[in-house]
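Look over the sequence and the fold, then read the points below.

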Amino acid sequence: MRTSRRAFLSAAVTGAALSMADATGAVAGTTDGPHALLGAMDLAQKVGQLFVVRVHGHRATAPDAADERANRRLHGVADAAELIARYHVGGIAYYAWTRNIRDPLQVAALSAGIQRAALAQPVPVPVLISTDQEHGAVTRIGPPAALLPGAMALGAAGAPADARSAARIAGTELAAMGIRQNYAPVADVNTNPANPVIGVRSFGSDPEAVAALVAAQVLGYRDAGVAATAKHFPGHGDTAEDSHTGLPVLDRTRAQWEALDEPPFAAAVAAGVGSVMTAHIVVPALDPSGDPATLSHRVVTGLLRERLGHRGVIVTDSLGMAGVRKKYRDDEIPVRALLAGCDQLLNPPSLPRAHQAVIRAVRAGELDEARIDQSVLRVLRLKQSLGLLDTVRGLGAGGGAAVGAVVGNPAHLTVADRIAERAPTVLTNRTGLLPLSPAGHPRLLVTGADPAAPTGAAAAPTTVLAEALVRLGFTAAAAPTGLAPAPEDIARAEAAARGHDAVLVCTYDLGARSAQRALVDRLTATGVPVIAVALRNPYDIVQLPDVTASLALYSWSDTELRAAARVLAGAAAARGRLPVAVPPLFPRGHGLQYPSVLVGTGAEWRRI
């Protein structure tokens, strides 16, 4: 029986209140902690607490020469320690491209160095360290950390308990490295197959199913002592433009927004989410001003704060993105974001300029210092709820043995494998080709697209898949052709196919005129059975009407590729179901099923 919208939102608000009480109740004996820190700060220190920025380098001090140059260009400082001392920043976000991430021990040491620098300041306030470890298509930290299925893969598995377990593992490993705020889960409902920026980062297209998985992940991160961040409010799932490069417009009525986009965010608030990230999109039905949601008081305060009852932190998406910079100057944007109701200002194009702009706005009376205090207190209370104001334990300072015992431990890897094998979705299986068997089809060719791994560190997908099939008893060879195969690449793959019993061709974001489609057409013309393996978008199958069988993976990490091999070979049952519709072929929920056909589907098969 469906719950009424009014009852659902009432539960969301009540749950949020209870959750925040739980989060802050632990400090009943030290209620003055955040207020005492706030009272000790001058205006510049308060404003600094509202910024979350990137910094180059794998150490908090003594950076490499290239990282020091990058930091001086970006912030006018040499390293993370100087950044904290000069601007009093409340948060630092880690990225691979800023060379923050090499391995778990290094990340933990960087976190510990940042906290030492923060606690050495006249007003010692720990830094809230964050990253985008969504898993799947957006994964900042790779092996030896556990690679968990991405959101749409979890949507295909359809088990909130698995989603919570995945978040608990991800959060536990992040916390061991000193990262206590994760910009996940994605709460956007992906109702537009052509969405260029969300897609498989979403759990699916059904609002209630997405809401259940979002809530489960919020709880999983909370289990691990990490603040989850539901994003991108008010919902980026039906946009046709990427807010990194433009300003998308969501053409929904208010009623449509309430039915389609609101439920996952209401569920996140009800589950006690630590923070919510705003989107740089325009929704005329919610605010006709033309301002992006990040800068809209109607959206941020009117909907997220007042309608949904979110009492935690609100963080902007990156203020360096084009979507938020179309209408206003860079020095206006952080002030407008605070006036809208945001608390954390992520990655402004120029921290010195943004920091000074907020101070000037306060001194000019454009922005009330009491408004600054509200946001600083929310940030400090979030840090307090995570234990950061009371202790530096869990910030990666526990030594290499502690980090090594947590990050990528065997128990985590086993659970990751178990969850991953529930996601691969068999879309077509015309002749009953699947599951394959070494007796019936011993010689396999794995060819097609080889997109770089999300972490940039793993082996090519065709190689990982071929090696996994070899361990399952097949003779399998990898012959990648790339994302845009040239005629000679296609000819080589066609020639190689004739010597095999079946061909697995990996596809990646296949278009009607893609050279990948020409490759598949040539392979099917050989008469050898062809199995299409859609590495990312399940919509690829629309362009492949003649393949013998097809499988949707939703992501292409090593964990997910090995799980796909087990499903293809029958070492694991085919159980995944589409969490989105694939028009005009399949409705949401489609997925051909078959049981495991091999004896011994335990750890010996999972760890191939």
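Helix 8 passes helix 9 in a right-handed crossing (a crossing is right-handed if the near helix is turned clockwise from the far one by less than a right angle, and left-handed if anticlockwise). This is a predicted model, where local features need pLDDT of at least 70 and side-chain atom pairs count only at pLDDT 80 or more, while totals for chains, interfaces and linings use all residues. Residues are numbered from 1 along each chain as its sequence is written, and side-chain values use heavy atoms, with hydrogens and water left out.

**The helix 8 and helix 9 pair**

- Two packed helices are described by the angle between their axes and the distance between the axes.
- Helix 8 covers residues 160-176 and helix 9 covers residues 207-223. Helices (H or I, at least four residues) and strands (E, at least two) are DSSP runs, numbered from the N terminus.
- The two helices pack at an angle of about 35 degrees, and their axes are 7 Å apart. Axes are lines fitted to C-alpha atoms, for helices over the stretch in contact, and angles run from 0 to 180 degrees between N-to-C directions.
- On the helix 8 side, the contact residues include P160, A163, R164 and G171. On the helix 9 side, they include A212, L213, Y221 and D223. Contact means heavy atoms within 4.5 Å.

- An open sheet holds 8 strands in the order 7-6-5-4-3-2-1-8, with parallel pairing. Two strands pair if DSSP finds at least two bridges between them.
- Strand 7 (313-315) and strand 8 (345-346) are the edge strands, and each pairs on one side only.
- Strand 4 (residues 181-182) pairs with strand 5 in the parallel sense, over 2 bridges. In this region Q181 stands opposite A227 of strand 5.
- Helix 15 (residues 369-385) packs on the sheet. Helix 15 touches strand 3 (128-131), strand 4, strand 5 and strand 7. The direction of helix 15 makes about 110 degrees with that of strand 7.

**Salt bridges**

- Side chains of opposite charge can pair when their charged atoms come close.
- The structure holds 35 salt bridges (a side-chain nitrogen of Lys or Arg within 4 Å of a carboxyl oxygen of Asp or Glu).
- R102 bridges to D64, with the closest N and O atoms 3.6 Å apart. R102 lies in the loop between strand 2 (91-93) and helix 6 (104-119), and D64 in the loop between strand 1 (51-54) and helix 4 (65-75), so the pair ties together parts 38 residues apart in sequence.
- R102 is exposed, at 53% relative accessible area, whereas D64 is partly exposed at 32%. Buried means under 20% relative accessible area, exposed over 50%, and partly exposed in between (1.4 Å probe, protein chains only).
- R325 and D330 form another salt bridge, at 2.7 Å from N to O. R325 is partly exposed at 34%, and D330 is partly exposed at 21%.
- R336 and E332 meet at 4.0 Å, N to O. Salt bridges that share partners join R329, D331, E332, R336, R353 and R360 into one network.

**Aromatic pairs**

- A search of the whole structure finds 4 aromatic pairs. Rings of Phe, Tyr and Trp (its six-membered ring) pair if their centres lie within 6.5 Å; planes under 30 degrees apart count as stacked, over 60 as edge-to-face and the rest as tilted.
- The rings of Y95 and W97 have centres 5.5 Å apart and planes at 35 degrees, so this pair is tilted. Y95 is buried, at 6% relative accessible area.
- F233 and F265 pair edge-to-face, at 5.1 Å centre to centre and 85 degrees between the planes. F233 lies in strand 5 (residues 227-233) and F265 in helix 11 (residues 262-270), so the pair ties together parts 32 residues apart in sequence.
- F233 is buried at 0% relative accessibility, and F265 is buried at 1%.
- Ring pairs link F233, W257 and F265 into a cluster.

**Around H58**

- H58 sits in the loop between strand 1 and helix 4. H58 is buried, at 10% relative accessible area.
- Apart from its neighbours within four places in sequence, H58 is in contact with residues including D64, R102 and L110.
- H58 and R378 are 320 residues apart along the chain, and their C-alpha atoms are separated by 29 Å.
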